[in-house]
Amino acid sequence: GAFTWDFSKWDAKIAELKNIYSEYYSSVATGAIDIDDVYDEMMEKLNAAGLQDMIADAQEQLDAYLGK
C-alpha cells in the first residue's frame with residue numbers, strides 16, 4: 001500500500017499551525033501584505049509551534065515505511 005502519515009498525535013499542533021496560517025493568509029492572498037514582508041515572522045511562528053518537529057516525524061515514518 002501507499003504511505004500514509006499518521007498525524008494523530010499532532011492534532012493540537014495542527015490546529016495551532018492552521019491558526020497561524022490563517023493569521024496571514026487573507027492579507028497575503030489579497031495582496032494587502034507582501035509575503036516577503038511577513039515570511040520570516042510567519043515561519044518563526046510556525047516553527048515555534050512545532051512545524052519542524054512534525055516534518056521530522058513524517059520523515060521518520062516515511063523512512064520506516066521505506067525500510068531505511
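## Exposure terms and the model

A residue is buried under 20% relative accessible area, exposed over 50%, and partly exposed in between (1.4 Å probe, protein chains only). At 48% relative accessibility, Asp11 therefore counts as partly exposed.

This is a predicted model, in which local features need pLDDT of at least 70, side-chain atom pairs count only at pLDDT 80 or more, and totals for chains, interfaces and linings use all residues. Residues are numbered from 1 along each chain as its sequence is written, and side-chain values use heavy atoms, with hydrogens and water left out.

## Confidence

pLDDT is the predictor's confidence in each residue, from 0 to 100. The protein averages 95. A score of at least 70 is reached by 100% of the residues. Among the elements, helix α3 (residues 51–66) has the highest mean pLDDT, 97. Helix α1 (residues 11–29) has the lowest, 94.

## Fold and dimensions

The protein has three helices and zero strands. Both kinds of element are DSSP runs, numbered from the N terminus: helices are H or I with at least four residues, strands E with at least two. Along the sequence the pattern reads α-α-α.

The C-alpha trace spans about 45 × 20 × 20 Å along its principal axes. The radius of gyration is 15 Å, whereas a compact globule of 68 residues would have one near 11 Å. This radius is taken over C-alpha atoms, and the globule rule is 2.2 Å times the number of residues to the power 0.38.

## Contacts, surface and charge

Residues 24 or more positions apart account for 71% of them. Buried residues make up 21% of the 68 residues.

The accessible surface comes to about 5,000 Å². Carbon and sulfur atoms hold 54% of that surface. The areas come from the Shrake-Rupley method with a 1.4 Å probe; for residues, only the protein chains shown count as cover.

The protein carries 5 positive and 14 negative side chains. Lys and Arg count as positive, Asp and Glu as negative; His and the chain ends are not counted. The centres of the two sets lie 7 Å apart, with each charge placed at NZ of Lys, CZ of Arg, CG of Asp or CD of Glu.

Asp11 and Tyr24 are 13 residues apart in sequence and 21 Å apart in space, C-alpha to C-alpha. Asn19 is exposed, at 56% relative accessible area. Asn19 and Gly31 are twelve residues apart in sequence, with 19 Å between their C-alpha atoms.

Gln52 is found in helix α3. Its relative accessible area is 41%, so Gln52 is partly exposed. Gln52 and Trp5 are 47 residues apart in sequence and 15 Å apart in space, C-alpha to C-alpha.

Technical notes:
Contact means heavy atoms within 4.5 Å.
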